[in-house]
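Here is a short briefing on one fold.

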Amino acid sequence: MQLPLPVTLPIDENFDSFVNVGNEEVVALLENIVIALPDWRHAQGLGHLSTLKLPLVTLLGASAIGKSHLLFATCHQLAEKSVNHLYLNMNDFQAWSYDIFEGLENLSVLALDNVHAIAGDERWEEALFDLLNRVSETQHTLVICTSHLGPSNPAFTLPDLRSRLAWGVIYHVNQLDDAGREEAVRLRAAERGLKLSNQALQFLLNHSERDLKSLMALLARLDTRSLQEQKRLSVAMVKRELGLI
């Protein structure tokens, strides 16, 4: 079995830094799962998962809206509880061998990020199908995955895989509105210890890409610039980073 390289998940992407407006249900579910593990099947509020033919939770939604953030947050909590789990980013599948899935049905939790990445690759679809079959048979592992594509999407060319993915439960992750984006940036800035003036924050929000991934990447760059210049974040600093002056 070829193991993936160790992955260091971003420590600032946790439940505390996730703005859950519009996604309260899915956040509550993931937090309840972590609290209940390892005996999640008998936990209050998780009964609907224990009746599934396949213990699979899919976080579905567009790119850069926080799905991976939620998966990172879950894994951080699992690590704190010493629950055996594995995080795999399926965007990296081409660097792995097909036997990477062997034995993963023995974990308590398997976190599969960006499952849509293997859509259309027959061998990898078959490998995932075989893993989900083993998970269904053993009923030991809880699989939590993220995807841009729903289980019935024809981009998954293996009908049996589409069938297995549909055995789980799907939670749609919703995009934040403008107020939510502002709160998310404020939270991340506070976690980084950044002093962000209201004027700089509004300029950042009005002149940068709107998706969360781009906003957080910009904030990280501004953090570095602020440290280098030993100055509080200002509108002028944001303009320089965006190449507007």
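The model is predicted.

**Strand S3 and its neighbours**
- S3 covers residues 109–113, and five of the five are buried, so the strand is largely enclosed by the rest of the structure.
- In a regular strand, side chains alternate between the two faces of the sheet.
- S3 pairs with strand S2 (residues 85–89) in the parallel sense, over five bridges.
- Within that pairing, Leu86 stands opposite Leu110 of S3.
- S3 also runs parallel to strand S4 (residues 142–147), joined by four bridges.
- Leu112 has Cys145 in S4 as its bridge partner.
- From S3 the chain crosses through helix H4 (residues 122–138) to S4, and this β-α-β crossover is right-handed.
- Leu110 stands opposite Val143 in S4.

**Strand S4**
- Is S4 buried or exposed? Six of its six residues are buried, so S4 is largely enclosed by the rest of the structure.
- One side of S4 carries Leu142, Ile144 and Thr146, and the other carries Val143, Cys145 and Ser147.
- Both of these faces are covered.
- S4 is joined to S1 by five bridges, and the two strands run parallel.
- Thr58 has Cys145 in S4 as its bridge partner.
- Val57 stands opposite Ile144 in S4.

**The sheet**
- How many strands form the open sheet, and in what order? Five strands form it, in the order S2-S3-S4-S1-S5, and the pairing is parallel.
- S2 and S5 are the edge strands, each pairing on one side only.
- From one strand to the next, the twist averages 15 degrees.
- Helix H3 packs on the sheet and touches S1, S2, S3 and S4.
- The direction of H3 makes about 155 degrees with that of S3.

**Nonpolar cores**
- The largest nonpolar core has 33 residues.
- Leu30, Ile33, Leu49, Leu59 and Leu70 have the most contacts inside this core.
- At least two residues of this core come from each of helix H1 (24–36), strand S1 (56–60), helix H3 (67–80), S3, S4 and strand S5 (169–172).
- H1 gives the most to this core, with seven residues.
- Which residues does Leu30 contact, leaving aside its neighbours within four places in sequence? Leu30 is in contact with Phe15, Leu59, Leu70, Thr74 and Ile144.
- Another core, of 27 residues, lies apart from the largest one.
- Phe93, Phe101, Leu107 and Leu112 are among the residues of this other core.

**Helix H1**
- H1 has 13 residues.
- From its first C-alpha to its last, H1 reaches 18 Å, close to the 18 Å expected at 1.5 Å a residue.
- The buried residues in H1 are Val26, Val27, Leu29, Leu30, Ile33, Val34 and Ala36.
- An α-helix has 3.6 residues a turn, so residues three or four places apart point the same way.
- The cover over the buried residues of H1 includes helix H2 (47–50), S1, H3, S4 and S5.

Technical notes
Residues numbered from 1 in each chain as written. Predicted model: local features only at pLDDT ≥ 70, side-chain atom pairs only at ≥ 80, totals over all residues. Heavy atoms only, no water. Buried < 20%, exposed > 50% of the residue type's maximum accessible area, 1.4 Å probe, protein only. Pairing = 2+ DSSP bridges. Right-handed = clockwise from strand over helix to strand, strands pointing away. Core = buried A, V, L, I, M, F, W, Y, C linked by side-chain atoms within 4.5 Å. Contact = heavy atoms within 4.5 Å. Expected span 1.5 Å × (residues − 1). Axes fitted to C-alpha atoms, helices over the stretch in contact; angles between N-to-C directions.
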